[in-house]
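Some terms used for protein models rest on simple cut-offs, and a new reader may wish to see how each one is applied. The questions below take a few such terms in turn.

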Amino acid sequence: MPRHVVALQCTVCGRAAEPTPAALTCPSCGESGILDVVYDYDRVRRDLTRASLAACPDYSMWRYLPLLPCEPSTPRPNLRVGWTPLYRADGYARALGLRNVYVKDDGQNPTGSLKDRASAVGVVKAREAGAATVACSSTGNAGSSLAGNATAAGLRSVIFVPERAPQGKLAQLLLFGATVVMVKGDYEAAFRLSAEAIAKWDWYNRNAGLNPYLVEGKKTVALEIAEQLGWAVPDWVAVSVGDGCTVAGVGKGFADVHIAGLTDRVPRILGVQAAGCAPLYRAFQASVERFTYEPGNTLADSIAVNVPRNPLKALRAVRASGGDMVTVTDDEILAAMRTLGKTTGVLAEPAAAAAFAGLAKAAATGLIRPEEVAVGIVTGNGLKDVRSSLVAAGEPIHIEPDLSELERALDGALER
Ligand SMILES: Cc1ncc(COP(=O)(O)O)c(C=O)c1O
Ligand SMILES: [Zn+2]
């Protein structure tokens with residue numbers, strides 16, 4: 001067991017479970033008993049300080065090792081995951097009527113999404129468990145990040161995706177050498193088949209909702225935001241929500257640095273779902289922890305999660321932060337892709353842009369006040385789904401190779 005980890009604790013019954021590398025859900029509660037990693041925070045406070053971080057030469061997610069459930073000696077995937085840029089985005093803030101907005105570009109991770117943070121931890125735990133093959137179901141990003149991180153660590157991967165996974169993500173999966181199983185049906189269908197196959201062939205299970213260690217990788221995005229802001233906690237952090245693991249990770253990261261004494265409060269979390277598939281949003285609004293299956297109908301494929309696998313951690317993270325949840329339409333997502341692109345130079349895939357559409361909505365309704373500091377997380381790069389990016393982008397100027405024709409065509413175009 002890594003030195004800083006005390007136990008795994010069930011989010012349903014509260015019982016402790018042994019933090020073995022292959023641990024999944026609570027032995028008493030079954031699949032719904034998602035486990036949470038509990039740390040020895042006295043130890044964390046000793047080993048992770050502002051000074052130790054300022055002196056740390058490792059500019060990757062692994063700079064936060066005392067808050068990660070991994071043995072320091074386990075070999076890690078040979079890819080640079082984390083320490084992605086946090087940009088101050090004044091032009092974007094103006095477009096929203098806000099004054100202080102930052103963009104955390106996690107599309108700059110090695111396979112282009114925040115999921116690399118989870119997959120890197122998953123691969124380390126797979127090695128600690130002695131596994132040779134790792135597997136998961138995925139709307140695309142979790143799978144491509146697992147495939148990339150697995151191959152960089154010398155492991156095989158088997159990835160189950162729904163048939164509508166975008167081609168960019170599929171290309172990544174195949175080129176990273178994964179065995180790719182494209183399942184007829186939606187994400188839920190891919191999840192179910194992956195669960196049966198993992199049980200049958202005893203592969204290491206990187207299904208994000210079930211595996212307790214992956215949220216810990218995802219939380220490093222929050223640790224970085226806090227450190228990059230000089231430990232000044234923002235008022236709001238907006239993040240897109242599918243299974244709920246990412247928002248849970250963001251919540252845990254900010255809670256952890258607070259408990260570790262590095263910050264003096266936590267930000268409010270704005271969880272954003274697509275209007276076409278919003279089971280967690282509905283559970284949040286109804287103040288319940290139950291949710292119902294929803295067919296997915298949104299171009300934000302990565303967050304079209306019909307049955308969220310991590311509802312408790314997600315809902316509790318948003319509630320504990322004093323935050324809120326909103327939904328956004330596909331048109332609002334496309335508009336957010338355009339506004340973000342043309343004011344910052346950062347490209348977000350639809351599922352990532354949902355967070356920014358949510359920021360725009362929260363700014364418009366006054367939920368976020370103009371003077372408050374808000375951070376939006378770009379959870380996936382727009383080049384992963386070029387088809388949707390082009391829907392948002394519109395048309396270029398089509399023209400013969402003729403300067404006078406260009407002059408006419410440009411009339412007014414440069415001011416746009
Ligand atoms: C780009 C992007 N944003 C957000 C999410 C949501 O993450 P989660 O499913 O952990 O809620 C995903 C998940 O696939 C994603 O790929
Ligand atoms: Zn339990």
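The questions and answers that follow concern a predicted model, and they turn to a metal site and then to salt bridges.

Q: What makes the arrangement around the zinc ion (ligand 2) tetrahedral?
A: The zinc ion (ligand 2) is coordinated by the SG atoms of Cys 10, Cys 13, Cys 26 and Cys 29, at 2.3 to 2.4 Å, and a donor must lie within 2.8 Å of the metal. The four donor atoms subtend angles of 106 to 113°, and four donors count as tetrahedral if all angles lie between 85 and 135 degrees, so the arrangement is called tetrahedral. For comparison, the ideal angle for four tetrahedral donors is 109.5 degrees.

Q: How are the donor residues of the zinc ion (ligand 2) spaced in sequence?
A: Their spacing is C-x2-C-x12-C-x2-C. Cys 10 lies in strand β1 (residues 5-10), whereas Cys 29 lies in the loop between β2 (16-17) and β3 (35-39), so this pair ties together parts that are 19 residues apart in sequence.

Q: Why is Cys 10 called buried, and why is Cys 29 called partly exposed?
A: Buried means under 20% relative accessible area, exposed means over 50%, and partly exposed lies in between. Cys 10 has a relative accessible area of 4%, and is therefore buried, while Cys 29, at 25%, counts as partly exposed.

Q: How do you know that Asp 106 forms a salt bridge with Arg 117?
A: The closest N and O atoms of Asp 106 and Arg 117 are 2.7 Å apart, and a salt bridge needs a side-chain nitrogen of Lys or Arg within 4 Å of a carboxyl oxygen of Asp or Glu, so the pair qualifies. The pair links distant parts of the chain, with Asp 106 in the loop between β5 (100-105) and α4 (115-128) and Arg 117 in helix α4, 11 residues apart. Asp 106 is buried at 0% relative accessibility, and Arg 117 is buried with a relative accessible area of 0%.

Q: What makes the contact of Asp 235 with Arg 265 a salt bridge, and is Asp 235 buried or exposed?
A: The closest N and O atoms of Asp 235 and Arg 265 are 3.4 Å apart, and the limit is 4 Å, so this pair counts as a salt bridge. Asp 235 lies in the loop between α9 and β10 (236-240), and Arg 265 in the loop between α10 and β11 (268-274). At 19% relative accessibility Asp 235 counts as buried, because the cut-off is under 20%, whereas Arg 265, at 34%, is partly exposed.

Definitions and conventions. Residues are numbered from 1 along each chain as its sequence is written. Chains are lettered from A and ligands numbered from 1 in the order in which they are written. This is a predicted model: local features need pLDDT of at least 70, side-chain atom pairs count only at pLDDT 80 or more; totals for chains, interfaces and linings use all residues. Side-chain values use heavy atoms; hydrogens and water are left out. Donors are N, O and S atoms within 2.8 Å of the metal (3.2 Å for Na, K and Ca); water is not among the atoms, so sites may look incomplete. Four donors count as tetrahedral if all angles lie between 85 and 135 degrees; four count as square planar and six as octahedral if opposite donors are over 155 degrees apart and all others between 65 and 115; anything else is irregular. Helices (H or I, at least four residues) and strands (E, at least two) are DSSP runs, numbered from the N terminus. Buried means under 20% relative accessible area, exposed over 50%, partly exposed in between (1.4 Å probe, protein chains only).
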